[in-house]
Amino acid sequence: MRLYHGDILFAPRLGELTALPGGYLAVEQGVVQGVSPHLPEAWKGCPVEELGRRLLIPAFNDIHLHAAQLPMAGLGYDGTSDEWFSRYAYPTEQRYSSDLPYAREVNRDLIARLKENGIMRSVIMCATGSESTRDLMEQLMESGLGAFVGKMNSDYGAFGEAQESHQDSCAQTLELISWARGKSEKVKYILSPEFIPAVSQEMLTFLGELAQKEGLPVHSHMSEGPADLELVAGRFPQEGWYGPVWDRFGLFGQTPTVMAHCLYVTGEELELMARRGVYIAHCPNPAQNVPSGRYLSVRKALDMGIPVGLGSDIGCGHTLSMLENMVLAVQGSKMLTKEKPLTLADAFYLATKGGGSFFGRVGSFEPGYQFDALVIEDESLTRHRDYTLAERLQRLVYCGDSRNISRRFCGGNEVFI
């Protein structure tokens with residue numbers, strides 16, 4: 001067993017911080033054994049990593065991003081959503097799918113940026129190409145990071161022509177699942193239909209049956225704006241909304257499921273998500289980059305018991321920084337004046353345990369949790385007066401950046417950049 005001695009801070013519950021100045025954290029075989037404000041008798045004699053006045057916090061988790069869209073982050077936010085797809089998203093994804101050397105470079109860059117920003121686990125949608133998806137999974141397996149990764153299924157033209165044929169999409173998905181099976185404990189496959197307007201009924205049936213047969217998780221988008229809602233209602237008039245359609249095809253919590261955005265969800269859909277344990281990937285950055293006329297009521301979702309984590313949504317979002325996304329989540333919630341806004345402690349929970357729970361016992365320093373952790377060097381932010389650990393966290397989130405992260409751990413193993 002190994003001990004870490006320093007200023008320990010984590011969020012075991014929404015809105016609650018556990019702070020241990022000069023505390024001890026015990027790790028064995030990559031799993032947290034416990035934390036203590038002092039050195040327990042039973043831990044004496046164990047090797048100790050001295051962190052001094054550095055902060056030790058859980059690592060961040062990003063539960064919605066697009067690998068192929070990294071090169072277009074920051075582009076196209078002045079136009080309409082249709083223009084964003086046609087001018088930027090689809091051409092960028094098509095190159096990622098067809099040009100493997102280019103995709104390898106993008107994947108390498110993405111992994112470097114995930115490490116840099118302290119994101120030790122992520123849920124990633126690739127594009128329609130299977131080789132670029134496999135390459136990302138292989139690189140992630142070598143990196144030490146954890147992830148759910150999926151080839152995007154998109155066999156129905158939502159905003160133009162379909163990106164792939166139904167037959168090719170099914171065959172490549174099955175090949176990737178077979179290839180990935182049992183290869184890694186940290187990097188696993190996740191079914192990734194683009195969104196309902198871009199997948200055929202045959203694809204929805206195929207993926208729903210595959211999810212049940214293989215016990216595979218699901219990752220997609222839901223209710224981003226009026227344009228996609230109109231397409232869903234037009235194709236599925238009996239249901240009329242995303243939730244009932246996903247549910248009919250067995251892709252809505254029958255296996256672990258994360259849906260991004262959810263800006264226009266109905267009360268009935270939220271109730272179904274709460275019953276099924278469907279995660280919402282709250283993406284505050286893209287909601288402000290490409291305004292859809294609505295902002296997710298995270299507080300309402302949380303009050304209903306819906307699990308919520310943060311997503312960067314690269315490239316509709318322009319930054320992978322979870323520090324920036326936490327700030328945006330708090331600021332965005334303050335625009336909803338009729339409800340209690342998120343606190344910094346709430347946002348920290350969403351970035352750590354809230355999203356981390358999609359990966360299992362991840363995102364906290366409670367006993368039995370994976371030791372996913374960041375060591376924070378924040379002397380430059382705290383030299384002018386004494387700060388509590390909670391205040392140091394606020395200074396880090398609002399005024400710090402990735403340069404304040406000095407060490408990174410995933411599943412007990414140190415990850416180097």
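This is a predicted model: local features need pLDDT of at least 70, side-chain atom pairs count only at pLDDT 80 or more; totals for chains, interfaces and linings use all residues.

User: Why is α2 called a helix, and how do you know what span to expect of it?

Analyst: Helices are DSSP runs of H or I with at least four residues, strands are runs of E with at least two, and both are numbered from the N terminus. Helix α2 covers residues 100–116 and has 17 residues. The expected span is 1.5 Å times one less than the number of residues, and α2 reaches 24 Å from its first C-alpha to its last, close to the 24 Å expected.

User: What makes residues of α2 count as buried, and what covers them?

Analyst: Buried means under 20% relative accessible area (exposed is over 50%, partly exposed in between, with a 1.4 Å probe and protein chains only). In α2, L100, Y102, A103, V106, N107, L110, I111, L114 and K115 are buried. Their cover includes β5 (60–66), α1 (81–98), β6 (119–125), α3 (130–143) and β16 (405–410), where contact means heavy atoms within 4.5 Å.

User: Why is the second largest pocket called a pocket, and what lines it?

Analyst: On a 1 Å grid over the protein atoms alone, a pocket is an open set of points with protein on both sides within 12 Å along at least five of seven lines, whereas a cavity is a set where a 1.4 Å probe fits but cannot get out; lining residues have an atom within 4 Å of a point. The second largest pocket is lined by 20 residues, of which R113, N117, H318, T319 and L320 lie nearest its centre. Its largest lining share, 4 residues, comes from α2.

User: How do you know the volume of this second largest pocket?

Analyst: Grid points are joined across faces, edges and corners, and the volume is the space filled by probe spheres set on the points; for the second largest pocket this is about 310 Å³. The largest pocket holds about 470 Å³, and S81, F85, E224, V290 and C316 lie nearest its centre among its 26 lining residues.

Methods. Residues are numbered from 1 along each chain as its sequence is written. Side-chain values use heavy atoms; hydrogens and water are left out.
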